Amino acid sequence: MSDIQEDTNQLLDINPLENQRFIQVAERHHRNETEHLQVTIGATVPTGFEQTAADEVREKLRSSCKISKDRGKIYFDISVESLAQVHCLRSVDNLFVVVQEFKDYQFKETKEEVLKDFEELAQNLPWSDPMKVWKMNTSFKKKKTKCKKINPNSSKDKINKEQGGKRAERDVKKEFMSNSWDSNILDYYENPAIKEEISTLVGDDLASSKEDETEDSCKGETDLQVLKFRVTCNRAGEKHCFTSNEAARDFGGAVQEYFKWKADMTKFDVEVLLNIHDNEVIVGIALTEESLHRRNITHFGPTTLRSTLAHGMLRLCAPRPADVVVDPMCGTGAIPIEGATEWSNCHHIAGDNNPLAVNRTANNIESLLNKNQIQESKPSWGLPIDALQWDVCNLPLRTGSVDIIVTDMPFGKRMGSKRRNWNLYPAGLREMGRVCRPGTGRAVLLTQDKKCFTKALSGLGHMWRKVHTVWVNIGGLHAAVYLLKRTQQAFDHPSGQDE
């Protein structure tokens, strides 16, 4: 029995039919009240692509967006009924709901005073609305898990068992989808993601208790008893007299005392975030246990690009309907697969000189098609994407036939070598210039070998013009994403060579 039912049963001394009607009205009122709740959502994004992520938020959610001084984070306000759309953003890695923001937090002079203030802070924060959002978010993830137990997505042979499995899944979904936006969140949470941990410390006492599989009717009563949590402190700034671990420890201790939760650094239910950047302090509650950036990839290579970064690169070149988009060094196919998923009105071509890479790309495309077919419960019409083996310096494409080129070039670290790049970069850029449409063509190229790239580009100024540079952090490496525009000058073929 839900909390609403218990309260109303105590107040009502009427027949069961009237009682049930009153409960339905009360639950509808409670749901409507929650749906129109306004909250601030924070999102971590690939560093350097904060602006493109903010543009996606404005475009898809019609919400104003603030870019944080702390690189790699954006903030925007939504009503809770838009939570499903937030989870469908392609540019974000992790999401959290903001408890409170302090734009100019006054730190005391000594460590002891600062940590004491953190303890008092935890007792006075407005936890109520953010916890409502967290509970709502968690309930949908649990429903998703139940659906997967009935109709698992992971096995290919599910396609042969569709009819019986789909009936069971429809029955379960019918039960869970009591309002229109439930179904959107359920659909989102059926997308698999890879677990990503980002450190820190919660408290001294680590408690382990077995996880109770309770029915929805008694969730509200048991959550307060069994919830486990940790605090993650992300700190940037040189004028702090405390460490991230000390802040997480003392703040986490106060959170534990306030909620009577149990501390657990690994098997936690709630992750409380304490983000500190100079004098800016933001407290939040995580909404994603898993990073969203590997949504498309099941077959990984030595340098698989994050899908969120691939999305940011594609947005930079603003694909238009009917554009031909090429990744001539596709690796595992992260860029063209993301492109075919989000910009399905374009045609995407993936290619690589390594047959293993082409095979991984083909496998990733097949896995995504199978997943889509299972989720949609009908045959998939495919993706507008082709995968080929080729040499980036000798592409089997007609001159001026490509609108957009987006690729992750070899850094010369794990793939290729710095020495080979001095030959590869100028030859590759020249061939890209040949196939790219003069005047309107554009290229977005990622590389960490900035010296070699700059030198190669300087020798091809008649073909390429640099428009913009985005500085990014790729696994600790300082890299750059270059947006290039193809000049009006036609490609000059050597005499006797056909197009």
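Strands β8 and β9 run antiparallel and are joined by 6 bridges, where two strands count as paired if DSSP finds at least two bridges between them, and where strands (E, at least two residues) and helices (H or I, at least four) are DSSP runs numbered from the N terminus. This is a predicted model, in which local features need pLDDT of at least 70 and side-chain atom pairs count only at pLDDT 80 or more, while totals for chains, interfaces and linings use all residues. Residues are numbered from 1 along each chain as its sequence is written, and side-chain values use heavy atoms, with hydrogens and water left out.

The two strands β8 and β9 form a hairpin with 2 residues between them, and D278 in the turn has a positive phi of about 55°. Across this pairing, L274 has V283 in β9 as its bridge partner. Strand β9 (residues 280-286) also pairs with β4 (residues 94-102), in the antiparallel sense and over 6 bridges; here V97 stands opposite I285, and F96 has A286 as its bridge partner.

In a regular strand the side chains alternate between the two faces of the sheet. In β9, both faces are covered, with E280, I282, G284 and A286 on one side and V281, V283 and I285 on the other, all of them buried, that is, under 20% relative accessible area, as against over 50% for exposed and in between for partly exposed (1.4 Å probe, protein chains only).

Elsewhere, the axes of α3 (residues 50-61) and α11 (residues 307-316) come within 10 Å and cross at roughly 80°. The two helices α3 and α11 are therefore roughly perpendicular to each other, a term for angles of 65 to 115 degrees. From α3, T52, D55, E56 and E59 meet H311, G312, R315 and L316 of α11.

Taken as a whole, the protein chain has 15 helices and 17 strands, and buried residues make up 50% of its 499 residues.

Definitions and conventions
Axes are lines fitted to C-alpha atoms, for helices over the stretch in contact, and angles run from 0 to 180 degrees between N-to-C directions. Angles under 35 degrees count as roughly parallel, over 145 as roughly antiparallel, 65 to 115 as roughly perpendicular and the rest as oblique. Contact means heavy atoms within 4.5 Å.
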